[in-house]
Amino acid sequence: MDEAIRKILAECETWAVVGLSNNTSRAAYGVARFLQGHGKRIVPVHPAAETVHGEQGYATLADIPFAVDCVDVFVRSELAGDIADQAVGINAKAVWFQLDVVDQDAYARTTAAGLTMVMDRCPAIEWGRLGPAPEGI
């Protein structure tokens, strides 16, 4: 799992954050701000399609008119598999299921399709533990 985490953190620049809204009490809001602060482009994905942290929101992954590297999933486990399938459909490179989001069948489908996937982890936590190595190393 550590290898997949390192790969995503180092190589993924554009992160679609599914479940991101302007609700400052939600984990997605803080994690998206963290990613942005570390040079990543965030793309809010929420039915309300709100602009969050200065970035235009979209109602669905399919509505995003540019390439997405990682789909970061802040929905309940029972809904996450469908999001993972949508990530495959938009040719994302990776899927990241947040803390307490687990779907083994979705993991099998997503990795079989060639995407890198992480489950039940938070990029803000993992960055401090395994963040990208400095360039040249």
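Colleague: How many bridges join strand 3 to strand 4, and which way do the two strands run?
Modeller: In this predicted model, strand 3 and strand 4 (residues 94-97) are joined by 4 bridges and run parallel. One of the paired positions is Val 73, whose bridge partner in strand 4 is Phe 97.

Colleague: And how many bridges join strand 1 to strand 3?
Modeller: Strand 1 (residues 14-18) is joined to strand 3 by 4 bridges, and these strands also run parallel. Strand 3 is therefore paired with strand 1 as well as with strand 4, given that at least two bridges are needed for a pair.

Colleague: What stands opposite Cys 70?
Modeller: Trp 15 stands opposite Cys 70 of strand 3.

Colleague: Which way do the residues of strand 3 point, and are they buried or exposed?
Modeller: Strand 3 covers residues 70-73; Cys 70 and Asp 72 point one way, Val 71 and Val 73 point the other way, and all are buried.

Colleague: What about strand 4, buried or exposed?
Modeller: The residues of strand 4 are all buried, with Ala 94 and Trp 96 pointing one way and Val 95 and Phe 97 the other.

Colleague: Where does the sheet continue from strand 4?
Modeller: Strand 4 is joined to strand 5 (residues 116-118) by 3 bridges, and the two run parallel. Within this pairing, Thr 116 of strand 5 is the bridge partner of Ala 94.

Colleague: Which helices make the β-α-β units with these strands, and of what hand?
Modeller: Helix 3 (residues 77-89) makes a right-handed β-α-β unit with strand 3 and strand 4. Helix 4 (residues 104-112) makes a right-handed unit with strand 4 and strand 5.

Colleague: Staying with helix 3, what span should its 13 residues have, and what does the model give?
Modeller: At 1.5 Å a residue, the 13 residues of helix 3 should span 18 Å, and the end C-alpha atoms are 19 Å apart, which agrees.

Colleague: Which residues of helix 3 are buried?
Modeller: The buried residues of helix 3 are Ala 80, Gly 81, Ile 83, Ala 84 and Ala 87. These residues lie on the same side of helix 3 because they cover an arc of only 170° around the axis.

Colleague: What do they pack against?
Modeller: The buried residues of helix 3 pack against strand 1, strand 3, strand 4 and helix 4.

Colleague: And which exposed residues are on the face turned away?
Modeller: Glu 78 and Gly 89 are the exposed residues carried by the face of helix 3 turned away from its buried side. Glu 78 also forms a salt bridge with Arg 76, at 2.8 Å from N to O, and Arg 76 is exposed as well.

Colleague: Since salt bridges have come up, how many does the structure hold?
Modeller: The structure holds 9 salt bridges. Among them is the pair of Asp 69 and Lys 93, whose closest N and O atoms are 3.4 Å apart. That pair links distant parts of the chain, 24 residues apart: Asp 69 is in the loop between strand 2 (41-45) and strand 3, and Lys 93 is in the loop between helix 3 and strand 4.

Colleague: Which residues are linked in a network of salt bridges?
Modeller: The network of salt bridges links Asp 2, Arg 121, Glu 126 and Arg 129. Within this group, the side chains of Arg 121 and Glu 126 meet at 3.6 Å, N to O. Glu 126 is at 5% relative accessibility and so counts as buried, whereas Arg 121, at 23%, counts as partly exposed.

Colleague: What about the phi of Ala 49?
Modeller: Ala 49 is not a glycine either, yet its phi is positive, at about 50°. Ala 49 lies in the loop between strand 2 and strand 3 and, at 27% relative accessibility, counts as partly exposed.

Notes. Residues are numbered from 1 along each chain as its sequence is written. This is a predicted model: local features need pLDDT of at least 70, side-chain atom pairs count only at pLDDT 80 or more; totals for chains, interfaces and linings use all residues. Side-chain values use heavy atoms; hydrogens and water are left out. Buried means under 20% relative accessible area, exposed over 50%, partly exposed in between (1.4 Å probe, protein chains only). A crossover is right-handed if, with the strands pointing away from the viewer, the path from the first strand over the helix to the second runs clockwise. A salt bridge is a side-chain nitrogen of Lys or Arg within 4 Å of a carboxyl oxygen of Asp or Glu. The expected span of a helix is 1.5 Å times one less than its number of residues. The arc is that of the directions from the helix axis to the C-beta atoms. Contact means heavy atoms within 4.5 Å.
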